[in-house]
Amino acid sequence: MTIFILLPAYNEEDSIPALLPRIRDSMRDGGFSYRIVLVDDGSMDETAARAERFAREMPIDILRHSINRGLGETIRDGIEHCVRSGSPGDIVVRMDCDDSQDPSYVAALVEKIESGCDVVVTSRYQPGGGQSGVEGHRKLLSWGAGLYMKLLFPIRGLRDYSCGYRAYRWETLKKAIDVYGNRFIERKDLGFSCTLEKVVKLDLLGARFGEVAHFLHYDRKKSASKMASMPTTWGYLLLALKYSKWFGVRRRFWKRRIGELTGAVSEQTTQTERPATCAASQAA
Ligand SMILES: Nc1nc2c(ncn2[C@@H]2O[C@H](COP(=O)(O)OP(=O)(O)O)[C@@H](O)[C@H]2O)c(=O)[nH]1
Ligand SMILES: [Mg+2]
């Protein structure tokens with residue numbers, strides 16, 4: 001089993017020398033076989049050059065966009081790369097590249113996937129979780145966005161909708177690409193809304209969600225936040241219009257299509273043996 005650590009990176013030269021050794025040490029401590037996939041999205045600093053320096057001491061693929069294309073397109077390219085390079089039984093863990101998220105949580109994420117979950121999210125809202133260094137207005141924004149997402153897209157087992165630090169079963173991502181194709185992440189220009197879009201589309205596919213408690217060290221962040229609230233908000237509104245459980249205009253279409261396609265897709269996608277329940281989903 002290989003763990004792909006997917007890092008979207010935009011102007012993260014200061015974080016890379018701290019984050020990559022942290023990942024290496026956590027993977028060694030957990031005895032994991034791993035591969036880092038860093039997608040440099042047209043950074044104007046030394047992000048790619050600094051990552052390359054680590055290529056001699058750890059397994060790392062560096063994908064490059066020559067111009068900045070945004071988080072949605074970056075994540076889509078990174079996921080496609082992991083699905084192409086991986087195989088059934090592998091796990092894709094997507095983390096921020098700003099060094100605010102600790103790679104030591106990978107062990108708990110993997111354990112939860114092995115307990116039967118398809119997607120496991122690191123959550124500030126589980127007992128033992130939390131955050132430091134997040135400013136008041138960002139906390140308020142995040143709280144409001146969280147409430148909006150929970151009301152419009154209730155997903156069993158999921159409380160922290162906006163945290164991108166998550167583990168995905170390889171088979172689940174493969175199925176999403178097979179079914180949705182280029183529509184898995186549709187609006188690549190709408191800020192960070194792709195983080196919500198992935199869980200909404202995976203929920204429609206029938207993925208089982210779980211969470212592990214996570215403490216976010218936002219005070220350790222070395223780069224300025226790239227969260228652009230306007231495009232992200234537009235993205236959230238558009239997603240609600242199309243996919244909300246209550247009134248989404250494309251929801252019924254995709255439900256029907258998934259029903260038609262799933263048989264054919266699951267024949268192509270070899271599912272590994274796994275327990276029938278996802279422990280966290282049962283509890284939440
Ligand atoms: N590839 C790419 N990555 C981005 C872009 N904007 C942000 N990121 C990355 O997405 C992650 C989240 O951004 P970050 O600034 O940490 O957001 P915050 O933690 O929510 O304030 C980081 O790893 C960034 O480097 C972008 O335009 N392209
Ligand atoms: Mg971050």
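The structure is a predicted model, in which local features need pLDDT of at least 70 and side-chain atom pairs count only at pLDDT 80 or more, while totals for chains, interfaces and linings use all residues. Residues are numbered from 1 along each chain as its sequence is written, and chains are lettered from A and ligands numbered from 1 in the order in which they are written.

The chain holds 10 helices and nine strands, where helices (H or I, at least four residues) and strands (E, at least two) are DSSP runs numbered from the N terminus. A compact globule of 284 residues would have a radius of gyration near 19 Å, and the chain, with 18 Å, agrees with that value; the radius is taken over C-alpha atoms, and the globule rule is 2.2 Å times the number of residues to the power 0.38. The C-alpha trace spans about 50 × 40 × 40 Å along its principal axes. Of the 284 residues, 44% are buried, a residue being buried if 20 or more other C-beta atoms, placed from the backbone, lie within 10 Å of its own, exposed if 12 or fewer do, and partly exposed in between. Among the contacts with a separation of 6 or more, 85% join residues 24 or more positions apart, a contact requiring that two C-beta atoms, placed from the backbone, lie within 7 Å.

Ligand 1 has 17 residues around it, of which Asp-41, Thr-74, Cys-97, Ser-225 and Lys-226 come nearest; a residue is near a molecule or strand if its C-beta atom, placed from the backbone, lies within 6 Å of it. Strand S1 (2-9), strand S2 (33-41) and helix H3 (71-85) each supply at least two residues of this shell. By residue class the shell divides into seven nonpolar, five polar and five charged, where Ala, Val, Leu, Ile, Met, Phe, Trp, Tyr, Cys and Pro count as nonpolar, Asp, Glu, Lys and Arg as charged, and the others, Gly among them, as polar.

The loop between strand S3 (60-65) and H3 contains Arg-69, which is partly exposed, with 17 other C-beta atoms within 10 Å. Leaving aside neighbours within four places in sequence, Arg-69 is in contact with Asp-41, Gly-42, Thr-74 and Lys-188.

Helix H3 also packs against another helix, H6 (residues 170-180), and the two axes come within 10 Å and cross at roughly 115°, with the axes being lines fitted to C-alpha atoms over the stretch in contact, and angles running from 0 to 180 degrees between N-to-C directions. On the H3 side the contact is made by Ile-79, Glu-80 and Val-83, and on the H6 side by Trp-170, Leu-173, Lys-174 and Ile-177. These residues divide into five nonpolar, no polar and two charged.

Arg-187 and Glu-73 are 114 residues apart in sequence, yet their C-alpha atoms are 8.5 Å apart in space. Not counting residues up to four places away in sequence, Arg-187 touches Gly-72, Ser-193, Gly-235 and Leu-238. Helix H7 (residues 194-204) has 11 of its 11 residues buried, so it is largely enclosed by the rest of the structure. Its buried residues include the charged Glu-197, Lys-198, Lys-201 and Asp-203.

Three further loop residues are buried. Asn-11, in the loop between S1 and helix H1 (16-30), is buried with 20 other C-beta atoms within 10 Å, and its phi is positive, near 55°, in a residue other than glycine. Asp-99, in the loop between strand S4 (91-94) and helix H4 (106-114), counts as buried with 22 C-beta neighbours inside 10 Å, and its phi is likewise positive, near 70°. Asp-160, in the loop between helix H5 (136-152) and strand S7 (166-169), is buried with 22 other C-beta atoms within 10 Å; not counting residues up to four places away in sequence, Asp-160 touches Val-121, Ser-123, Arg-124, Tyr-125 and Glu-211.
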